[in-house]
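Q: I have a model open and would like to learn how to read its features one by one. Could you take me through it?
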Amino acid sequence: MTWYQEFGGERAAETTTYDQGTHMNDRPKASRRNVLRGAIVVGAGTAVAGGTTFVVSNSAHAEVAAPEISSCEDWGARPDTGLTPLDNSPNKIVIHHTASDNSDDLSKEHAHELAYTIQGWHMEENGWADSGQHFTISRGGHVCEGRHTSLQHLQDGAGFVQGAHAPGANTDGIGIENEGTYMDVEPTQEQWDGLVAFCAYACAQYGIDPNEIYGHRDFSSTTCPGDAFYAKLPQLKEEVAAALNA
């Protein structure tokens, strides 16, 4: 199964002009970003996660450290061919899997190669203006920016760029691709920890309630993000809420 199929074949989700250019041959090496810190006052509420009720306190004020995130420049992305900036901020997170091999390479270099490959798929095979998702998390837990300007908006905690990852959530949902296929197996611990840390930071920066974390299949007819991964979403919400209430 290809990434195009896992995205539900949604070629109509984005109609910007397809870039006929070639890949960049000399990609810059990764540079380490300064760690930022965001703050959020989490709204009151309760949520049921796998039969367990957890509470997001209305008096909590959590400082969530930014995980290390490789920018598009870090991994050598080709230029986008025209994106749609939005004034609104996202109010949800949508979890995907790449439906690719479950690689044993947990290095940052592999994560950069993955981001580069996904962008090629989405621009060349789908005809999209850029990577469809906003961020990608490798099996080694390394986070990469996917769609240009997504990282700057996240760091600012304001604004958004329209995605092409899930019809019905492209204008208000952060799309996160997780490397691998998770129908029968679960993500690595490194990948899981990276996802929890990233989601907590994104929720803090944008004021997103951790209950607003969904799977791709909640919006499209698809197996994404895999049965095993989808079954872990209640746990993900719970762990993200715990991080915000730390």
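Q: Let's start with a contact list. Leaving aside neighbours within four places in sequence, which residues is Ile93 in contact with?

A: A contact list shows what surrounds a residue in the fold. Keep in mind that this is a predicted model. Beyond its neighbours within four places in sequence, Ile93 is in contact with Ile174, Ile176, Cys199, Ala202, Cys203, Ile208, Glu212, Ile213 and Tyr214. Ile93 also belongs to the largest nonpolar core, where Ile93, Ile95 and Leu236 touch the most other members of the 33.

Q: Which elements give two or more residues to this core?

A: They are strand 7 (92–97), strand 8 (135–137), helix 4 (150–156), strand 11 (173–178), helix 5 (189–206) and helix 7 (233–244). Helix 5 gives the most, with 11 residues. There is also a second, separate core of seven residues, and Cys72, Ala115, Tyr116 and Cys144 are among them.

Q: Now the sheet. In what order do its strands lie?

A: Here is the general idea: strands of a sheet pair through backbone hydrogen bonds, either parallel or antiparallel. In this model, six strands form an open sheet in the order 5-9-8-11-7-12, and the pairing is mixed. Strand 5 (69–70) and strand 12 (213–215) are the edge strands, each pairing on one side only.

Q: How do I read the two sides of a strand?

A: In a regular strand the side chains alternate between the two faces of the sheet. On strand 7, Lys92, Val94 and His96 point one way, while Ile93, Ile95 and His97 point the other way. Six of the six residues in strand 7 are buried.

Q: Which helices lie against the sheet, and at what angles?

A: An angle between directions tells you how a helix is set against a strand. Helix 3 (residues 108–125) lies across strand 5, strand 8 and strand 9, and it runs at about 35° to strand 9. Helix 5 packs on the sheet too, touching strand 5, strand 7, strand 8, strand 9, strand 11 and strand 12. The direction of helix 5 makes about 170° with that of strand 11.

Q: Why does Lys92 count as buried?

A: Compare its relative accessibility with the cut-off: buried means under 20%. Lys92 counts as buried because its relative accessibility is 10%. Next, look for a polar partner: the side chains of Lys92 and Asp172 are joined by a polar contact of 3.0 Å. Leaving out residues up to four places away in sequence, Lys92 touches Ala169, Asp172, Gly173, Ile174, Ile208, Glu212, Tyr214 and Phe219.

Q: Where does the side chain of Asp74 reach?

A: Asp74 lies in helix 2 (residues 72–75), and its side chain reaches the backbone nitrogen of Ser71 at 2.8 Å. Asp74 is buried, with a relative accessible area of 4%.

Q: What should I look for in the backbone of the loops?

A: The peptide bond from Cys224 to Pro225 is cis, with omega near 10°, and Pro225 is in the loop between strand 12 and helix 6 (227–230). Ala99 has a positive phi, near 60°, and is found in the loop between strand 7 and helix 3. Thr149, in the loop between strand 9 and helix 4, has a positive phi of about 75°.

Q: Are Ala99 and Thr149 buried or partly exposed?

A: Ala99 is buried, with a relative accessible area of 14%, whereas Thr149 is partly exposed at 41%.

Notes
Residues are numbered from 1 along each chain as its sequence is written. This is a predicted model: local features need pLDDT of at least 70, side-chain atom pairs count only at pLDDT 80 or more; totals for chains, interfaces and linings use all residues. Side-chain values use heavy atoms; hydrogens and water are left out. A nonpolar core is a set of buried Ala, Val, Leu, Ile, Met, Phe, Trp, Tyr and Cys residues joined through side-chain atoms within 4.5 Å. Buried means under 20% relative accessible area, exposed over 50%, partly exposed in between (1.4 Å probe, protein chains only). Helices (H or I, at least four residues) and strands (E, at least two) are DSSP runs, numbered from the N terminus. Contact means heavy atoms within 4.5 Å. Two strands pair if DSSP finds at least two bridges between them. Axes are lines fitted to C-alpha atoms, for helices over the stretch in contact, and angles run from 0 to 180 degrees between N-to-C directions. A polar contact is a pair of N or O atoms within 3.5 Å; within protein, one must be able to donate a hydrogen and the other to accept it, and residues adjacent in sequence count only if both atoms are side-chain atoms.
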